[in-house]
Amino acid sequence: MNDDIMPRMQSCDVIVVGAGAAGVAAARRLADASVAVQVLEARDRLGGRAATVATPLGAAVDIGCEWLHSAERNPWVGIARSLGFAIDETLPDWGQRVAWHKGESAQNDWIAAREAFDERCEAAAAGDVDLPESALLDPEGRWNGLLRAISTWANGTELERVSVKDHARYENSYLNWRVLDGYGTLISTYGAKLPVRFGTKVERIDHGGKSITVSTAEGDLTARAVIVTIPTNLLAAEAIRFRPALPDKLAAAAGLPLGVADKLFLAIEGPVEDLPRDRHLIGHTDRTATGGYQIRPHGWPMIEGYFGGMLATGLEREGLDGMMAFALDELAGLFGADLRRRLRPIAHSAWVLDPLANGSYSCALPGHADDRAVLAAPVDDRLFFAGEACSIEFFGTAHGAYLSGVAAAERALAALTVRAPLAQL
(Lines give C-alpha, C1' and ligand atoms only; values in the text may rest on other atoms or scores of the structure.)
Protein backbone atom coordinates (compact mmCIF):
# COMPACT_ATOMS: atom_id res chain seq x y z
CA MET A 1 0.00 0.00 0.00
CA ASN A 2 1.28 3.47 -0.85
CA ASP A 3 2.74 5.20 2.22
CA ASP A 4 1.29 8.51 1.06
CA ILE A 5 -2.17 6.99 1.48
CA MET A 6 -1.57 4.73 4.48
CA PRO A 7 -1.07 6.67 7.73
CA ARG A 8 2.21 5.73 9.36
CA MET A 9 1.57 3.82 12.57
CA GLN A 10 4.15 4.37 15.31
CA SER A 11 2.64 1.63 17.45
CA CYS A 12 0.75 -1.49 16.43
CA ASP A 13 0.05 -5.04 17.49
CA VAL A 14 2.54 -6.79 15.23
CA ILE A 15 5.44 -5.60 13.11
CA VAL A 16 6.58 -7.85 10.28
CA VAL A 17 10.18 -7.29 9.20
CA GLY A 18 10.58 -8.16 5.52
CA ALA A 19 8.03 -8.41 2.72
CA GLY A 20 9.17 -11.53 0.93
CA ALA A 21 6.95 -14.60 0.64
CA ALA A 22 7.09 -15.28 4.38
CA GLY A 23 6.47 -11.68 5.41
CA VAL A 24 3.59 -11.25 3.00
CA ALA A 25 2.00 -14.51 4.17
CA ALA A 26 2.36 -13.58 7.84
CA ALA A 27 0.99 -10.08 7.35
CA ARG A 28 -1.97 -11.32 5.30
CA ARG A 29 -2.89 -13.81 8.02
CA LEU A 30 -2.69 -11.10 10.70
CA ALA A 31 -4.63 -8.57 8.63
CA ASP A 32 -7.32 -11.15 7.94
CA ALA A 33 -7.63 -11.59 11.72
CA SER A 34 -8.16 -7.79 12.09
CA VAL A 35 -4.87 -7.36 13.94
CA ALA A 36 -3.09 -4.02 13.51
CA VAL A 37 0.01 -4.96 11.53
CA GLN A 38 2.81 -2.94 9.96
CA VAL A 39 5.28 -4.38 7.44
CA LEU A 40 8.76 -2.89 7.17
CA GLU A 41 10.59 -3.62 3.92
CA ALA A 42 14.06 -2.37 2.97
CA ARG A 43 13.44 -2.80 -0.76
CA ASP A 44 11.17 -0.65 -2.90
CA ARG A 45 9.01 -3.66 -3.80
CA LEU A 46 7.33 -6.75 -2.36
CA GLY A 47 8.61 -10.27 -2.90
CA GLY A 48 12.18 -10.36 -1.62
CA ARG A 49 13.92 -13.20 -3.44
CA ALA A 50 10.81 -13.63 -5.55
CA ALA A 51 11.29 -11.09 -8.34
CA THR A 52 9.65 -10.87 -11.74
CA VAL A 53 11.08 -8.44 -14.29
CA ALA A 54 9.79 -7.27 -17.65
CA THR A 55 11.72 -8.05 -20.84
CA PRO A 56 11.80 -6.42 -24.30
CA LEU A 57 9.98 -9.50 -25.62
CA GLY A 58 6.88 -8.60 -23.65
CA ALA A 59 7.14 -11.69 -21.46
CA ALA A 60 7.97 -11.23 -17.79
CA VAL A 61 10.58 -13.58 -16.28
CA ASP A 62 11.43 -14.67 -12.76
CA ILE A 63 15.01 -13.90 -11.79
CA GLY A 64 14.23 -15.38 -8.38
CA CYS A 65 12.00 -18.33 -7.49
CA GLU A 66 10.09 -19.63 -10.50
CA TRP A 67 8.68 -23.14 -10.03
CA LEU A 68 5.58 -24.01 -8.03
CA HIS A 69 7.28 -27.03 -6.46
CA SER A 70 5.05 -29.82 -5.10
CA ALA A 71 2.24 -28.05 -6.92
CA GLU A 72 -0.59 -30.27 -5.69
CA ARG A 73 0.02 -29.10 -2.11
CA ASN A 74 1.66 -25.74 -2.74
CA PRO A 75 -0.59 -23.02 -1.24
CA TRP A 76 0.51 -20.52 -3.88
CA VAL A 77 -1.33 -22.57 -6.50
CA GLY A 78 -4.70 -21.93 -4.87
CA ILE A 79 -3.79 -18.30 -4.30
CA ALA A 80 -2.78 -17.93 -7.96
CA ARG A 81 -6.06 -19.35 -9.17
CA SER A 82 -8.11 -17.23 -6.78
CA LEU A 83 -6.37 -14.12 -8.14
CA GLY A 84 -6.87 -15.15 -11.76
CA PHE A 85 -3.27 -16.04 -12.59
CA ALA A 86 -2.68 -18.53 -15.39
CA ILE A 87 -0.59 -21.56 -14.49
CA ASP A 88 1.49 -23.48 -16.99
CA GLU A 89 1.16 -27.13 -15.94
CA THR A 90 3.78 -28.31 -18.42
CA LEU A 91 6.06 -30.54 -16.37
CA PRO A 92 9.81 -30.02 -16.58
CA ASP A 93 11.79 -32.68 -18.41
CA TRP A 94 14.62 -32.67 -15.88
CA GLY A 95 14.34 -36.45 -15.58
CA GLN A 96 15.38 -36.83 -19.22
CA ARG A 97 18.43 -34.61 -19.05
CA VAL A 98 20.91 -37.42 -19.80
CA ALA A 99 18.75 -39.03 -22.49
CA TRP A 100 18.66 -35.76 -24.47
CA HIS A 101 22.45 -35.72 -24.50
CA LYS A 102 23.65 -39.29 -24.54
CA GLY A 103 20.73 -41.60 -25.36
CA GLU A 104 18.61 -44.10 -23.48
CA SER A 105 21.40 -46.47 -22.47
CA ALA A 106 23.26 -43.68 -20.71
CA GLN A 107 19.98 -42.46 -19.24
CA ASN A 108 19.35 -45.85 -17.66
CA ASP A 109 22.88 -45.94 -16.29
CA TRP A 110 22.41 -42.44 -14.86
CA ILE A 111 19.13 -43.36 -13.19
CA ALA A 112 20.71 -46.42 -11.56
CA ALA A 113 23.63 -44.34 -10.28
CA ARG A 114 21.34 -41.59 -8.97
CA GLU A 115 19.07 -44.06 -7.19
CA ALA A 116 22.07 -45.79 -5.61
CA PHE A 117 23.36 -42.42 -4.41
CA ASP A 118 19.94 -41.52 -3.00
CA GLU A 119 19.75 -44.85 -1.16
CA ARG A 120 23.17 -44.28 0.41
CA CYS A 121 22.12 -40.79 1.47
CA GLU A 122 18.87 -42.08 2.97
CA ALA A 123 20.72 -44.74 4.95
CA ALA A 124 23.30 -42.23 6.16
CA ALA A 125 20.58 -39.76 7.19
CA ALA A 126 19.21 -42.40 9.58
CA GLY A 127 22.57 -42.66 11.34
CA ASP A 128 24.00 -40.69 14.23
CA VAL A 129 26.49 -38.59 12.25
CA ASP A 130 25.33 -35.80 9.96
CA LEU A 131 27.63 -36.32 7.00
CA PRO A 132 28.18 -34.07 3.98
CA GLU A 133 26.51 -35.61 0.94
CA SER A 134 29.84 -35.64 -0.89
CA ALA A 135 30.91 -38.47 1.45
CA LEU A 136 28.25 -40.69 -0.16
CA LEU A 137 29.55 -40.41 -3.72
CA ASP A 138 30.93 -43.52 -5.38
CA PRO A 139 34.67 -42.75 -5.68
CA GLU A 140 34.65 -44.29 -9.16
CA GLY A 141 31.21 -43.02 -10.14
CA ARG A 142 30.73 -42.09 -13.78
CA TRP A 143 28.05 -39.56 -12.93
CA ASN A 144 29.65 -37.78 -9.97
CA GLY A 145 30.06 -34.59 -11.99
CA LEU A 146 26.36 -34.45 -12.77
CA LEU A 147 25.37 -35.26 -9.19
CA ARG A 148 27.59 -32.41 -8.05
CA ALA A 149 26.22 -30.03 -10.67
CA ILE A 150 22.63 -30.78 -9.67
CA SER A 151 23.52 -29.94 -6.06
CA THR A 152 24.70 -26.49 -7.13
CA TRP A 153 21.30 -25.88 -8.74
CA ALA A 154 19.07 -27.56 -6.15
CA ASN A 155 20.99 -26.50 -3.04
CA GLY A 156 22.89 -23.51 -4.35
CA THR A 157 26.11 -25.07 -3.12
CA GLU A 158 28.43 -28.02 -3.56
CA LEU A 159 27.79 -31.42 -1.97
CA GLU A 160 30.57 -30.86 0.59
CA ARG A 161 28.38 -28.19 2.21
CA VAL A 162 25.10 -30.15 2.17
CA SER A 163 23.84 -31.88 5.33
CA VAL A 164 22.64 -35.38 4.48
CA LYS A 165 20.08 -35.23 7.31
CA ASP A 166 18.69 -31.89 6.20
CA HIS A 167 18.39 -32.96 2.58
CA ALA A 168 16.61 -36.17 3.60
CA ARG A 169 13.94 -34.18 5.44
CA TYR A 170 12.92 -32.23 2.35
CA GLU A 171 9.55 -33.35 0.98
CA ASN A 172 9.22 -33.30 -2.80
CA SER A 173 6.28 -34.60 -4.80
CA TYR A 174 8.09 -33.85 -8.10
CA LEU A 175 5.04 -32.03 -9.49
CA ASN A 176 6.31 -28.66 -10.69
CA TRP A 177 4.33 -25.91 -12.46
CA ARG A 178 4.95 -22.27 -13.33
CA VAL A 179 3.04 -19.00 -13.10
CA LEU A 180 2.92 -17.45 -16.56
CA ASP A 181 2.97 -13.88 -15.26
CA GLY A 182 5.68 -14.69 -12.74
CA TYR A 183 5.96 -16.06 -9.22
CA GLY A 184 7.24 -12.68 -8.05
CA THR A 185 4.21 -10.96 -9.56
CA LEU A 186 1.91 -13.44 -7.81
CA ILE A 187 3.47 -12.84 -4.39
CA SER A 188 3.51 -9.06 -4.78
CA THR A 189 -0.11 -9.07 -5.93
CA TYR A 190 -1.11 -11.16 -2.91
CA GLY A 191 0.45 -8.53 -0.63
CA ALA A 192 -0.58 -5.45 -2.59
CA LYS A 193 -3.10 -4.16 -0.02
CA LEU A 194 -0.90 -4.64 3.04
CA PRO A 195 0.39 -1.66 5.01
CA VAL A 196 4.05 -1.68 3.95
CA ARG A 197 6.73 0.93 4.49
CA PHE A 198 9.17 0.51 1.63
CA GLY A 199 12.78 1.63 1.81
CA THR A 200 12.75 1.05 5.56
CA LYS A 201 15.71 -0.94 6.84
CA VAL A 202 15.41 -2.24 10.39
CA GLU A 203 18.58 -1.62 12.38
CA ARG A 204 17.75 -2.82 15.88
CA ILE A 205 15.04 -4.76 17.73
CA ASP A 206 14.86 -4.18 21.48
CA HIS A 207 12.69 -6.88 23.02
CA GLY A 208 13.71 -6.34 26.64
CA GLY A 209 10.88 -4.01 27.63
CA LYS A 210 7.14 -4.31 28.00
CA SER A 211 6.75 -3.44 24.33
CA ILE A 212 9.16 -4.33 21.55
CA THR A 213 10.92 -1.36 19.97
CA VAL A 214 11.96 -1.62 16.34
CA SER A 215 14.48 1.01 15.30
CA THR A 216 14.94 2.23 11.73
CA ALA A 217 16.73 5.17 10.12
CA GLU A 218 13.30 6.83 9.86
CA GLY A 219 12.55 6.42 13.56
CA ASP A 220 11.31 3.93 16.14
CA LEU A 221 8.13 1.88 16.20
CA THR A 222 6.70 -0.21 19.00
CA ALA A 223 4.67 -3.40 18.91
CA ARG A 224 3.41 -6.19 21.10
CA ALA A 225 4.99 -8.80 18.82
CA VAL A 226 7.47 -8.86 15.94
CA ILE A 227 7.94 -11.39 13.14
CA VAL A 228 11.41 -11.35 11.54
CA THR A 229 11.70 -12.79 8.02
CA ILE A 230 15.05 -11.56 6.68
CA PRO A 231 17.49 -14.01 5.00
CA THR A 232 19.85 -16.05 7.15
CA ASN A 233 23.00 -14.46 5.74
CA LEU A 234 21.78 -11.06 6.95
CA LEU A 235 20.81 -12.44 10.35
CA ALA A 236 24.19 -14.11 10.81
CA ALA A 237 25.97 -10.89 9.81
CA GLU A 238 23.89 -8.99 12.42
CA ALA A 239 22.31 -6.71 9.87
CA ILE A 240 19.72 -6.36 12.65
CA ARG A 241 21.01 -6.09 16.22
CA PHE A 242 18.90 -7.65 18.95
CA ARG A 243 18.73 -6.41 22.54
CA PRO A 244 18.97 -8.61 24.53
CA ALA A 245 21.28 -10.48 22.19
CA LEU A 246 20.15 -13.73 20.59
CA PRO A 247 23.34 -15.79 20.14
CA ASP A 248 21.41 -19.02 19.48
CA LYS A 249 19.55 -17.39 16.58
CA LEU A 250 22.74 -15.99 15.08
CA ALA A 251 24.46 -19.37 15.35
CA ALA A 252 21.49 -21.13 13.76
CA ALA A 253 21.44 -18.63 10.90
CA ALA A 254 25.15 -19.18 10.35
CA GLY A 255 24.51 -22.92 10.10
CA LEU A 256 21.92 -22.27 7.39
CA PRO A 257 23.78 -20.04 4.90
CA LEU A 258 22.25 -19.07 1.60
CA GLY A 259 23.54 -20.91 -1.42
CA VAL A 260 23.75 -19.20 -4.79
CA ALA A 261 21.60 -19.76 -7.86
CA ASP A 262 21.60 -17.16 -10.63
CA LYS A 263 19.81 -16.86 -13.97
CA LEU A 264 20.54 -15.43 -17.38
CA PHE A 265 17.78 -14.92 -19.95
CA LEU A 266 18.78 -14.73 -23.59
CA ALA A 267 16.48 -13.60 -26.39
CA ILE A 268 16.62 -15.68 -29.56
CA GLU A 269 16.66 -13.57 -32.71
CA GLY A 270 15.18 -14.94 -35.90
CA PRO A 271 13.22 -18.18 -36.37
CA VAL A 272 13.07 -20.46 -33.35
CA GLU A 273 11.57 -23.64 -34.83
CA ASP A 274 15.02 -25.25 -35.03
CA LEU A 275 15.24 -25.17 -31.23
CA PRO A 276 13.20 -27.49 -28.99
CA ARG A 277 10.35 -26.10 -26.91
CA ASP A 278 10.62 -26.31 -23.10
CA ARG A 279 13.61 -28.64 -23.27
CA HIS A 280 16.10 -28.73 -20.39
CA LEU A 281 19.70 -29.26 -21.43
CA ILE A 282 23.02 -29.20 -19.59
CA GLY A 283 26.22 -27.59 -20.76
CA HIS A 284 28.26 -30.65 -19.71
CA THR A 285 27.13 -33.85 -17.99
CA ASP A 286 30.55 -34.68 -16.56
CA ARG A 287 31.48 -31.63 -14.51
CA THR A 288 30.28 -29.56 -11.56
CA ALA A 289 30.82 -26.11 -13.03
CA THR A 290 28.18 -26.15 -15.73
CA GLY A 291 24.86 -24.49 -16.45
CA GLY A 292 21.37 -25.80 -16.93
CA TYR A 293 19.45 -24.34 -19.88
CA GLN A 294 15.70 -24.20 -20.38
CA ILE A 295 15.25 -23.87 -24.14
CA ARG A 296 12.19 -21.82 -25.16
CA PRO A 297 10.38 -21.85 -21.79
CA HIS A 298 6.60 -21.68 -22.36
CA GLY A 299 7.46 -21.66 -26.06
CA TRP A 300 8.87 -18.13 -25.74
CA PRO A 301 11.76 -17.09 -28.03
CA MET A 302 14.37 -17.18 -25.29
CA ILE A 303 16.76 -19.43 -23.40
CA GLU A 304 16.98 -19.42 -19.61
CA GLY A 305 20.38 -20.23 -18.15
CA TYR A 306 20.77 -21.40 -14.56
CA PHE A 307 24.05 -21.41 -12.62
CA GLY A 308 24.73 -22.39 -9.03
CA GLY A 309 27.32 -22.69 -6.29
CA MET A 310 30.89 -21.53 -6.78
CA LEU A 311 30.33 -21.18 -10.52
CA ALA A 312 27.53 -18.66 -9.95
CA THR A 313 29.58 -16.77 -7.37
CA GLY A 314 32.47 -16.48 -9.79
CA LEU A 315 30.23 -15.39 -12.66
CA GLU A 316 28.75 -12.66 -10.48
CA ARG A 317 32.25 -11.28 -9.98
CA GLU A 318 32.79 -11.29 -13.75
CA GLY A 319 29.51 -9.49 -14.35
CA LEU A 320 27.03 -9.89 -17.18
CA ASP A 321 29.76 -10.12 -19.82
CA GLY A 322 31.36 -13.05 -18.03
CA MET A 323 28.05 -14.83 -17.50
CA MET A 324 27.13 -14.26 -21.15
CA ALA A 325 30.48 -15.59 -22.40
CA PHE A 326 30.18 -18.73 -20.29
CA ALA A 327 26.62 -19.43 -21.44
CA LEU A 328 27.42 -18.81 -25.11
CA ASP A 329 30.33 -21.24 -24.98
CA GLU A 330 28.14 -23.96 -23.53
CA LEU A 331 25.19 -23.30 -25.82
CA ALA A 332 27.48 -23.27 -28.86
CA GLY A 333 28.69 -26.67 -27.75
CA LEU A 334 25.08 -27.88 -27.72
CA PHE A 335 23.70 -26.26 -30.87
CA GLY A 336 26.68 -25.09 -32.91
CA ALA A 337 28.61 -21.85 -33.18
CA ASP A 338 25.97 -20.12 -35.34
CA LEU A 339 23.69 -19.80 -32.31
CA ARG A 340 26.06 -17.27 -30.74
CA ARG A 341 25.07 -14.46 -33.09
CA ARG A 342 21.35 -15.09 -32.48
CA LEU A 343 21.40 -14.57 -28.71
CA ARG A 344 21.32 -11.37 -26.68
CA PRO A 345 20.87 -10.89 -22.92
CA ILE A 346 17.57 -9.50 -21.66
CA ALA A 347 17.63 -10.21 -17.90
CA HIS A 348 19.87 -11.75 -15.27
CA SER A 349 20.29 -12.03 -11.51
CA ALA A 350 23.21 -11.61 -9.09
CA TRP A 351 21.86 -12.60 -5.68
CA VAL A 352 25.18 -12.66 -3.81
CA LEU A 353 25.83 -9.05 -4.77
CA ASP A 354 22.32 -8.08 -3.70
CA PRO A 355 22.92 -6.46 -0.27
CA LEU A 356 19.41 -7.34 0.90
CA ALA A 357 19.82 -11.04 0.16
CA ASN A 358 23.51 -12.05 -0.11
CA GLY A 359 22.39 -15.33 -1.66
CA SER A 360 19.47 -17.32 -3.00
CA TYR A 361 18.13 -19.97 -0.61
CA SER A 362 19.30 -21.77 2.50
CA CYS A 363 21.14 -25.05 2.83
CA ALA A 364 22.04 -26.60 6.17
CA LEU A 365 25.74 -27.27 6.59
CA PRO A 366 26.73 -30.77 7.74
CA GLY A 367 25.97 -31.04 11.44
CA HIS A 368 23.42 -28.21 11.31
CA ALA A 369 20.21 -29.91 10.17
CA ASP A 370 18.51 -29.12 13.48
CA ASP A 371 19.26 -25.41 13.17
CA ARG A 372 16.03 -24.87 11.23
CA ALA A 373 13.97 -25.66 14.32
CA VAL A 374 16.22 -23.46 16.45
CA LEU A 375 15.80 -20.55 14.06
CA ALA A 376 12.02 -20.95 13.91
CA ALA A 377 11.51 -21.17 17.68
CA PRO A 378 9.72 -18.14 19.24
CA VAL A 379 11.44 -15.94 21.81
CA ASP A 380 9.27 -15.21 24.85
CA ASP A 381 6.16 -15.78 22.73
CA ARG A 382 6.43 -12.33 21.19
CA LEU A 383 9.45 -12.42 18.90
CA PHE A 384 8.96 -14.81 16.00
CA PHE A 385 11.00 -15.91 13.00
CA ALA A 386 9.88 -17.07 9.56
CA GLY A 387 11.24 -17.66 6.08
CA GLU A 388 12.18 -20.59 3.88
CA ALA A 389 15.13 -21.37 6.16
CA CYS A 390 12.68 -22.03 9.01
CA SER A 391 10.88 -24.76 7.06
CA ILE A 392 12.11 -28.27 7.83
CA GLU A 393 10.21 -29.97 4.99
CA PHE A 394 10.05 -27.25 2.32
CA PHE A 395 13.19 -25.14 2.78
CA GLY A 396 14.49 -23.29 -0.23
CA THR A 397 11.00 -22.69 -1.65
CA ALA A 398 8.43 -19.92 -1.73
CA HIS A 399 5.77 -22.27 -0.38
CA GLY A 400 8.06 -23.20 2.51
CA ALA A 401 8.40 -19.48 3.21
CA TYR A 402 4.63 -19.01 2.97
CA LEU A 403 3.88 -21.83 5.41
CA SER A 404 6.48 -20.62 7.90
CA GLY A 405 5.04 -17.10 7.69
CA VAL A 406 1.52 -18.33 8.38
CA ALA A 407 2.80 -20.49 11.26
CA ALA A 408 4.57 -17.49 12.82
CA ALA A 409 1.42 -15.40 12.45
CA GLU A 410 -0.67 -18.11 14.11
CA ARG A 411 1.76 -18.21 17.04
CA ALA A 412 1.61 -14.43 17.32
CA LEU A 413 -2.19 -14.50 17.26
CA ALA A 414 -2.25 -17.13 19.99
CA ALA A 415 0.10 -15.08 22.13
CA LEU A 416 -1.90 -11.89 21.64
CA THR A 417 -5.12 -13.71 22.48
CA VAL A 418 -3.65 -14.92 25.77
CA ARG A 419 -2.64 -11.40 26.73
CA ALA A 420 -5.89 -9.75 25.63
CA PRO A 421 -9.00 -10.87 23.71
CA LEU A 422 -8.70 -10.03 20.01
CA ALA A 423 -11.90 -8.03 20.26
CA GLN A 424 -10.04 -5.60 22.52
CA LEU A 425 -7.05 -5.16 20.17
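Residues are numbered from 1 along each chain as its sequence is written, and side-chain values use heavy atoms, with hydrogens and water left out. In this predicted model, local features need pLDDT of at least 70 and side-chain atom pairs count only at pLDDT 80 or more, while totals for chains, interfaces and linings use all residues.

The largest nonpolar core has 45 residues. A nonpolar core is a set of buried Ala, Val, Leu, Ile, Met, Phe, Trp, Tyr and Cys residues joined through side-chain atoms within 4.5 Å; buried means under 20% relative accessible area, exposed over 50%, and partly exposed in between, with a 1.4 Å probe and protein chains only. Leu30, Trp76 and Ile227 touch the most other members of this core. Two or more residues each come from strands E1 (11–17), E2 (37–40), E7 (177–179) and E11 (219–228), and from helices H1 (21–32), H2 (75–82), H7 and H12 (398–419). Helices (H or I, at least four residues) and strands (E, at least two) are DSSP runs, numbered from the N terminus. H12 gives the largest share of the core, 10 residues. A second, separate core has 29 residues, among them Ile15, Ala252, Ala376 and Cys390.

Helix H7 spans residues 183–190, and its buried residues are Tyr183, Gly184, Leu186, Ile187 and Tyr190. Seen down the axis of H7, these buried residues fall within an arc of 160°, so they line one face of the helix; the arc is that of the directions from the helix axis to the C-beta atoms. Trp76 is in contact (heavy atoms within 4.5 Å) with Tyr183, Leu186, Ile187 and Tyr190, and also with Ala21, Leu68, Ala398, His399 and Tyr402, leaving aside its neighbours within four places in sequence.

Gly405 lies in helix H12 and is buried, with a relative accessible area of 0%. Apart from neighbours within four places in sequence, Gly405 is in contact with Ala22, Ala26 and Ala386. Gly191 is 214 residues away from Gly405 along the chain, and the C-alpha atoms of the two are separated by 13 Å.

Grid points are joined across faces, edges and corners, and a volume is the space filled by probe spheres set on the points. The second largest pocket holds about 200 Å³. Its lining has 17 residues, with Gly156, Thr157, Arg161, Leu258 and Val260 nearest the centre. Helix H10 (309–335) and strand E13 (258–259) each supply at least two lining residues of this pocket.

The whole structure has 2 cavities of 30 Å³ or more. The largest cavity contains about 100 Å³ and is lined by 14 residues, of which Val61, Asp62, Glu66, His298 and Trp300 lie nearest its centre. The second largest cavity contains about 70 Å³. It is also lined by 14 residues, the closest to its centre being Ile230, Thr232, Ala386, Gly387 and Ala389.

Conventions
On a 1 Å grid over the protein atoms alone, a cavity is a set of points where a 1.4 Å probe fits but cannot get out, and a pocket is an open set with protein on both sides within 12 Å along at least five of seven lines; lining residues have an atom within 4 Å of a point.
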